[in-house]
Amino acid sequence: MALTTNKAISNWIDEMAAMTQPDQIVWIDGSDAQIEALRAQACSTGELEKLNQELLPDCYLHRTAVNDVARVEDRTFICCRKQEDAGPTNNWMDPQEMYAKLKALYTGAMKGRTMYVIPYSMGVVGSPFAKYGIELTDSIYVVLNMCIMTRVGAAVAQVMGDDFVKGLHAKANLDPENRYIVHFPEDNTIMSVNSGYGGNVLLGKKCFALRIASYLGRNQGWMAEHMLILGIQNPAGEVRYLAAAFPSACGKTNLAMLIPPEHYRKAGWKVWCVGDDIAWIRVGEDGRLWAMNPENGFFGVAPGTNEKSNPNALATTRRGTIFTNVVHNLDNNTVWWEGLDKNPPANAVDWKGNPWNGQTSTEKGAHPNSRFTAPAKNCPCISPEFENPKGVPLSAIVFGGRRAKTAPLVYQSLDWDHGVFVGSIMASETTAAAAGAVGVVRRDPMAMLPFCGYNMGDYWQHWLDMGTKVDADQLPKIFNVNWFRTDDEGHFIWPGFGDNLRVLEWIMKRCFNEVEADETPLGYEPRPEDLDLEGSGVDVDTVRDLLSVDKDLWLQDVDAIRAFYAKFGDKLPKKLAQELDALESRLKQ
Ligand code: OXD
Ligand code: MN
């Protein structure tokens, strides 16, 4: 039964159903009974496999098609009327042309299938900061994932009114040549076809909460960012919050769920996770910037997650979780992935669905981008503020990337505008884990390169404008970190993981004027002796090394940044060009 009689909603659903021609339409109310019935149905067709309910209650396994395992940036489009509004870093097509192309692919695509109607909320339902969407999909896997990642149900359908983001997903025949992930920001519309992989089909996440929301945020005076949010509780019991943006494969989920080093724990330090991937940031009633996590779960990368790297994430996946493209351990009907432990199962099925012996096989059992979809409420360190509709006040914004030589362990920007510059020059070196050359620098401003729903030049200007909405002394301070400096043999110098708290502690002290700093051409850096190194295995000289600035390397980077900036032509804010010149002259001094 329809969960709302709103005409704008029912007219749109009728139109999409006339095009896709499903056998039936089912509204998702998110109730336990409905979810249980859908799980059973998916198990009966093999779409899901029910895992060991004693060890992993309410957990299921899914495998995608082997050619459908990741986000497809080359098939992701921003379709606005003017190409320059999408900018040089997005694929663009004229909206009318794209609608016509998609219509051909969607026509009859749901014949013989059910169309599920998922009313969902990004953010706490009813909060003034929540935004609503409806996803139409022919995939039970999508329904069940959306029920974890977002807030779904009848209450959402009641509050959304006419203001909702329209999302249409059809698996069609999973043809990679006709796979499209398309955003029409001017129409509040997302259309995804021929994929069944999370990032392409869970339309609330990257498509809505980043690409469409970044566009809405620019028009409405707020920001949608690819950022984790965490709270650091000090021994006095005070909690200070930061948001941090890192490109993929830089450990966002691990940082968001960090466990403090032992002597910090004993002293009473705690880290609270508010979010691991997306932050919506607004000016709060008190004039400060506040961040909230619009999601309700974690869609994390499984390989490498273990008792050491991220025990909180592992604990989060022990109930109510959907695993995608991991190893199925047939001995006890559980799951396994590379890096979970040193004991791969011998009697198992790999991510492709083939028999797999982890003791002898030279092939990986889990796909490197295999995932868990887990409810946020399972996380042992989930912040008590997670459900606060206003979010949390930000003291710091942190950018970071993977740089073997250039970027120091940490530096603070000189002010907000310089901080925007620091975010705009973010870059990360590719690793051996990904296809292509190793060590190639990819620019990824604010970690938003694949997720910005409009011209990145306008996006930078929006960042600069946000800085004028808040009093200078109330603005979060902006920092850059790099956990990935290597020595001459290519080994990481900084221990990373929980030890990153040592750097975050310094960052928070800077935000509250509790520590001095050294001035360098890049900005403010810690005096090495100001970092708490007790029990880290790192000495002050090593930290001095980690903080060093190689001016020649940086001057080469300045040239690379200038070439990158040139792509944006007139859209590049003058302020950023000036910041680049200023950096160059400080480096040459
Ligand atoms: C993600 C990503 O899945 O950034 O979060 O690709
Ligand atoms: Mn992400």
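Phenylalanine 497 sits in the loop that runs between β28 (477–481) and α14 (500–511). In this predicted model, phenylalanine 497 has a phi near 45 degrees, a positive value in a residue that isn't glycine. That stands out a bit, because most residues other than glycine have a negative phi. Phenylalanine 497 is partly exposed, with a relative accessible area of 48%.

Alanine 172 does something along these lines too: its phi is positive, at about 50 degrees, and it is not a glycine either. Alanine 172 belongs to the loop between β8 (165–170) and β9 (180–184). Its relative accessible area is 16%, so alanine 172 counts as buried, the cut-off being under 20%.

Turning to the ligands, ligand 1 has Arg71, Lys206, His226, Asp277, Arg371 and Phe451 around it. By class, that shell splits into four charged residues, one polar and one nonpolar. Several polar atoms reach oxygen atoms of ligand 1. For arginine 71, a polar side-chain atom lies 2.9 Å from an oxygen of the ligand, and for lysine 206 the corresponding distance is 3.0 Å. In the side chain of aspartate 277, an N or O atom is 3.3 Å from an oxygen atom of ligand 1. On its own, ligand 1 has 210 Å² of accessible area, and the protein covers 86% of that.

Histidine 226 and aspartate 277 link distant parts of the chain, 51 residues apart. Histidine 226 is in the loop between β11 (223–225) and β12 (228–233), while aspartate 277 is in the loop between β14 (270–275) and β15 (279–283). Both histidine 226 and aspartate 277 are buried.

Elsewhere in the fold, four strands make up an open sheet, ordered β20-β19-β21-β22 and paired antiparallel. The edges are β20 (334–336) and β22 (355–356); each has a single partner strand, so one side of each is left without a neighbour in the sheet. For β20, the partner is β19 (residues 327–329), and the two pair in the antiparallel sense over three bridges. Within that pairing, valine 327 stands opposite tryptophan 336 of β20.

Notes: Residues are numbered from 1 along each chain as its sequence is written. Chains are lettered from A and ligands numbered from 1 in the order in which they are written. This is a predicted model: local features need pLDDT of at least 70, side-chain atom pairs count only at pLDDT 80 or more; totals for chains, interfaces and linings use all residues. Side-chain values use heavy atoms; hydrogens and water are left out. A residue is near a molecule or strand if one of its heavy atoms lies within 4 Å of it. A polar contact is a pair of N or O atoms within 3.5 Å; within protein, one must be able to donate a hydrogen and the other to accept it, and residues adjacent in sequence count only if both atoms are side-chain atoms. Accessible areas come from the Shrake-Rupley method with a 1.4 Å probe; for residues, only the protein chains shown count as cover. Ala, Val, Leu, Ile, Met, Phe, Trp, Tyr, Cys and Pro count as nonpolar, Asp, Glu, Lys and Arg as charged, and the others, Gly among them, as polar. Buried means under 20% relative accessible area, exposed over 50%, partly exposed in between (1.4 Å probe, protein chains only). Two strands pair if DSSP finds at least two bridges between them.
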